[in-house]
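Please look over the chain below.

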Amino acid sequence: MIGRLRRSYRGMRLGTRLALGLGALALVVFAVVGTALTTYMRDYLSAQLDTQLAQAQIAQSKSIADYGTLSGKKYYSWFYAVYDVSDGTPRLRRPEDPADLPKDVDDFTALARAQTAAHSELLRTEHLRGAGLYRLRACEVEPGVVLVSAAPMEDIGDTVSQLITIQVVTFVLALLALVIFGRRMLQRGLKPLNDMAHTAHGIASHDLTESEARLPLRADGRDGGPEVEELRTAFNRMLEHIDDSLAVRAEAEQRLRRFVADASHELRTPLMSVRGYADLFQYAAANAPEERDRHLARLRAEAARMGALLDDLLLLARLDAAEVEAPLRPEDADLVGLVQQAADAFRAARPDHPLTVTAGPEAVKLRLDPQRIRQVLDNLLTNAAVHTPPGTHVAMTVHVTSGTAQVRVADAGPGVPPADRERVFDRFYRVDKARSRDRGGSGLGLSVANDLVRAHGGRIDLASEPGATVFTVTLPLGGRES
């Protein structure tokens with residue numbers, strides 16, 4: 001039963017539960033206030049009755065002492081008993097009126113005996129047989145004479161009963177009003193929370209599986225006070241964060257799809273070439289030896305090109321998963337020496353592009369992976385040669401600034417169009433879409449260079465205008481030797 005009530009209570013709405021909680025708290029308060037008020041009223045009326053008994057007995061004691069009678073000193077429905085006491089034993093006098101005594105006077109006699117022993121006024125509350133609840137008081141009239149008076153407490157009981165009835169009715173009405181109006185006020189106060197719950201349900205019903213999915217819903221309104229406003233602000237910030245995360249996810253998915261499509265397209269071309277030359281070689285197996293050698297050379301060239309592309313893709317994957325697999329093998333190396341090596345290789349491979357090298361310091365010792373930094377420099381120089389006409393001047397400069405070492409690769413070519421500058425480091429992106437793959441490459445060179453420099457804690461910046469394109473590689477000097 002208790003478990004069922006608990007489950008029912010937990011299934012109620014928050015406003016109803018708060019209203020019931022307030023009602024229960026109010027009920028406890030009402031019970032405490034009613035008990036205190038009833039107790040105080042009963043004690044007050046009892047004290048008033050005791051005072052009335054004492055004042056009546058003063059007048060009655062004087063009448064007994066002076067005239068030996070209670071004539072004219074009696075109250076309606078009161079009882080009176082006069083005892084003569086000798087040797088501590090009270091003896092009841094014959095009453096003037098039989099109605100002055102109850103049917104059973106044992107309680108009167110016991111109180112008179114106790115008063116004789118105590119030598120002071122005594123008060124007791126007794127239930128007299130056939131008469132009801134009475135307040136008894138015993139006092140000494142004169143030596144050897146004791147007066148016991150009894151006043152009914154029925155009026156006190158009736159008054160207290162009426163007070164309890166009034167309190168119960170009033171408290172029940174107040175409790176009902178508190179629960180009803182309190183629940184309405186709580187519902188109004190909790191309305192912003194309900195609105196946020198509806199917003200959350202609307203988001204839950206929104207399809208977030210699409211790549212372009214966004215969250216159009218927000219929690220609006222200004223009601224509910226500062227606490228609810230703070231919750232609403234946090235809720236909307238959470239939705240903004242989720243919305244931004246969805247946008248990033250959508251962009252990442254688009255980039256991934258574009259990357260897969262570009263990678264598939266780039267790999268398909270050499271594979272088709274390999275298949276074509278293999279078929280041609282098979283069908284022309286009986287031809288002249290020089291023709292077979294030419295076909296084999298083309299096969300090796302296409303295989304080498306496909307291998308280079310796969311190496312770049314593998315390196316990019318390792319850079320993306322750097323937390324799992326470190327793609328770098330850092331050691332102390334001279335940046336100026338790496339620049340000179342890259343320049344010598346470029347002059348040998350690209351004699352149609354004059355190259356000048358300006359190295360400020362004699363040596364710049366850094367903690368880096370020399371093979372990967374050399375790859376970055378080679379990629380930048382190759383990019384300058386591929387995207388500029390023969391005879392274009394290329395320059396390399398090394399200098400050290402505050403906390404960083406910089407290598408600049410500049411050419412005097414036509415420059416990078418403004419629309420392409422933001423995407424030159426994207427994978428498989430080519431500035432010249434019409435350029436053949438033999439001259440333009442796969443579009444991974446700058447992307448690989450950028451990721452390698454970022455893996456070293458540096459960056460690559462591009463500044464370009466017609467007649468001047470400058471790539472600046474910035475590396476931190478954290479591992480520089482003095």
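## Overall make-up

The protein chain holds 10 helices and 12 strands. Helices (H or I, at least four residues) and strands (E, at least two) are DSSP runs, numbered from the N terminus. This is a predicted model, in which local features need pLDDT of at least 70, side-chain atom pairs count only at pLDDT 80 or more, and totals for chains, interfaces and linings use all residues. Residues are numbered from 1 along each chain as its sequence is written, and side-chain values use heavy atoms, with hydrogens and water left out.

Of the 482 residues in the protein chain, 35% are buried (under 20% relative accessible area, 1.4 Å probe, protein chains only). The chain exposes about 28500 Å², and carbon and sulfur atoms supply 56% of that area. Accessible areas come from the Shrake-Rupley method with a 1.4 Å probe. Take contacts between residues at least 6 apart in sequence: 63% of them join residues at least 24 apart. A contact means heavy atoms within 4.5 Å.

## Helix α7 against α8

Helix α7 (residues 335–349) packs on helix α8 (residues 370–386) at an angle of about 40°, with the axes 9 Å apart. That makes α7 oblique to α8. Axes are lines fitted to C-alpha atoms over the stretch in contact, and angles run from 0 to 180 degrees between N-to-C directions.

The α7 and α8 crossing is right-handed: the near helix is turned clockwise from the far one by less than a right angle. The contact includes Leu-338, Ala-342 and Phe-346 of α7, and Ile-373, Leu-377 and Leu-381 of α8. By class, the residues of this contact are 12 nonpolar, 1 polar and 2 charged. Ala, Val, Leu, Ile, Met, Phe, Trp, Tyr, Cys and Pro count as nonpolar, Asp, Glu, Lys and Arg as charged, and the others, Gly among them, as polar.

## Helix α8 against α10

Helix α10 (residues 445–455) also packs with α8, at an angle of about 145° and with the axes 9 Å apart. The crossing of α8 and α10 is left-handed. Val-376 and Leu-380 of α8 are among the contact residues, as are Leu-446, Ala-449 and Leu-452 of α10. This contact has 7 nonpolar, 4 polar and 1 charged residues.

## Asp-369

Is Asp-369 buried or exposed? Asp-369 is buried, at a relative accessible area of 5%. Asp-369 sits in the loop between β8 (365–368) and α8. Ala-333 is 36 residues away from Asp-369 in sequence, yet their C-alpha atoms are 7.8 Å apart.

Conventions: Buried < 20%, exposed > 50% of the residue type's maximum accessible area, 1.4 Å probe, protein only. Parallel < 35°, antiparallel > 145°, perpendicular 65-115°, else oblique.
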